[in-house]
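This report describes a protein chain for a reader who has not seen it before. Please look over the sequence and the structure first.

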Amino acid sequence: MNYNNIKLLIIKELKHYFNTPPLYVLTTVFLLLIGYFFAQPMFLIAQANLNSIVDIMPLILTFFIPALTMKLIAEEKKTQTIEILLTLPFSEEEIIISKYISSVIVMFLAFLLMSFYAITIIMLSKPDIGHIIGTYLGLFLLSISFIAIGIFSSTLSSSQINAFIIGFAISFFFYISGKTTFFLPIYLQNIFNYLGTDIHISNISRGVIDLKDLIYFFSIISAFLYLSVYRLKTMRIK
């Protein structure tokens with residue numbers, strides 16, 4: 001891979017992101033939703049912590065991330081600019097990685113804006129800093145995992161709506177898996193519990209950085225980025 005090519009493509013993607021109004025609308029709605037669930041327990045039960053965010057944010061991300069990534073490949077397929085891109089001296093790996101990194105940067109900026117909530121907690125109480133760092137880290141790892149899923153979903157269709165639905169469905173599967181173990185046979189419970197996001201985010205948010213949790217997130221990222229590259233390679237063959 002040529003890192004200069006990746007750098008050029010990342011700059012191109014970021015310009016496209018920040019020059020389109022939907023990003024600002026999406027980010028505003030996202031922050032308002034998270035802010036609402038953060039502030040609610042402060043006013044209702046006079047409790048300042050991130051527990052409410054840990055509970056609701058994974059579900060919100062199943063909507064937000066597919067909306068953020070749905071156009072990355074789908075729009076280029078619809079406008080046929082993907083064909084031009086594939087004729088240029090960029091490898092499939094460079095294209096996918098640049099789109100992934102640019103989306104991660106956008107998500108990182110959203111998390112920087114979310115740091116206001118952590119600052120508020122620190123000002124109002126004496127929180128466990130490890131819990132705050134762990135919560136942000138766990139949710140960020142989940143976000144960048146869903147981004148990889150969203151990019152793969154975007155390679156499957158030239159329709160942004162279809163890409164969104166596929167991305168949501170796959171992300172929601174990981175979100176809901178750990179919540180369905182009660183209804184499953186005993187021999188499947190451990191499998192679905194591990195596939196679900198709950199246990200991994202819960203571990204990291206407590207400040208426990210376990211290798212199995214990191215492997216979980218990076219396995220999702222690697223698998224779906226690999227599938228995305230494979231999809232692009234099949235487009236080039238056609």
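## Burial and helix H4

A residue is called buried when its relative accessible area is under 20%, exposed when that area is over 50%, and partly exposed in between. The model shown here is predicted. In helix H4, which covers residues 71–79, the buried residues are Lys71, Leu72, Ile73, Ala74 and Glu76. Gln80 follows H4, and its phi is positive, near 65°.

## Salt bridges around Glu13

Searching the whole structure gives 7 salt bridges. Glu13 takes part in a network of salt bridges that links Lys12, Glu13, Glu76 and Lys99. Glu76 has already been named among the buried residues of helix H4.

In the salt bridge between Lys12 and Glu13, the closest N and O atoms are 3.3 Å apart. Lys12 has a relative accessibility of 39% and counts as partly exposed, whereas Glu13 is buried, with a relative accessible area of 5%. Glu13 also forms a salt bridge with Lys99, where the closest N and O atoms are 2.6 Å apart. Glu13 belongs to helix H1 (residues 3–18) and Lys99 to helix H6 (residues 92–124), so this pair ties together parts that are 86 residues apart in sequence. Both Lys99 and Glu13 are buried.

Glu93 and Lys233 form another of the salt bridges, with their closest N and O atoms 3.3 Å apart. Glu93 lies in helix H6 and Lys233 in helix H11 (residues 211–237), so the pair ties together parts that are 140 residues apart in sequence.

## The nonpolar core

How many residues does the largest nonpolar core have? The number is 64, and the residues with the most contacts inside this core are Phe30, Met57, Leu61, Tyr100, Met107 and Met114. Helix H7 (residues 129–155) supplies the largest share of the core, 13 residues.

Leu61 can be followed in more detail. Leaving aside residues up to four places away in sequence, Leu61 touches Phe30, Pro66, Met107, Leu139, Leu142, Ser143 and Phe146. Two residues in that list, Phe30 and Met107, are also named among those with the most contacts inside the core.

## Asn203 and its contacts

Asn203 is located in helix H10 (residues 198–205). This residue is buried, with a relative accessible area of 11%. Its side chain makes a polar contact of 3.3 Å with the side chain of Asp213. When residues up to four places away in sequence are not counted, Asn203 touches Val208, Lys212 and Asp213. Asp213 is therefore named both as a polar partner of Asn203 and in its list of touching residues, where the cut-off for contact is heavy atoms within 4.5 Å.

## Val29 and Asn193

Val29 is found in helix H2 (residues 21–44). With a relative accessible area of 44%, Val29 is partly exposed. Along the chain, Val29 and Asn193 are 164 residues apart, and their C-alpha atoms are separated by 30 Å.

How values were computed: Residues are numbered from 1 along each chain as its sequence is written. This is a predicted model: local features need pLDDT of at least 70, side-chain atom pairs count only at pLDDT 80 or more; totals for chains, interfaces and linings use all residues. Side-chain values use heavy atoms; hydrogens and water are left out. A salt bridge is a side-chain nitrogen of Lys or Arg within 4 Å of a carboxyl oxygen of Asp or Glu. Buried means under 20% relative accessible area, exposed over 50%, partly exposed in between (1.4 Å probe, protein chains only). Helices (H or I, at least four residues) and strands (E, at least two) are DSSP runs, numbered from the N terminus. A polar contact is a pair of N or O atoms within 3.5 Å; within protein, one must be able to donate a hydrogen and the other to accept it, and residues adjacent in sequence count only if both atoms are side-chain atoms. A nonpolar core is a set of buried Ala, Val, Leu, Ile, Met, Phe, Trp, Tyr and Cys residues joined through side-chain atoms within 4.5 Å.
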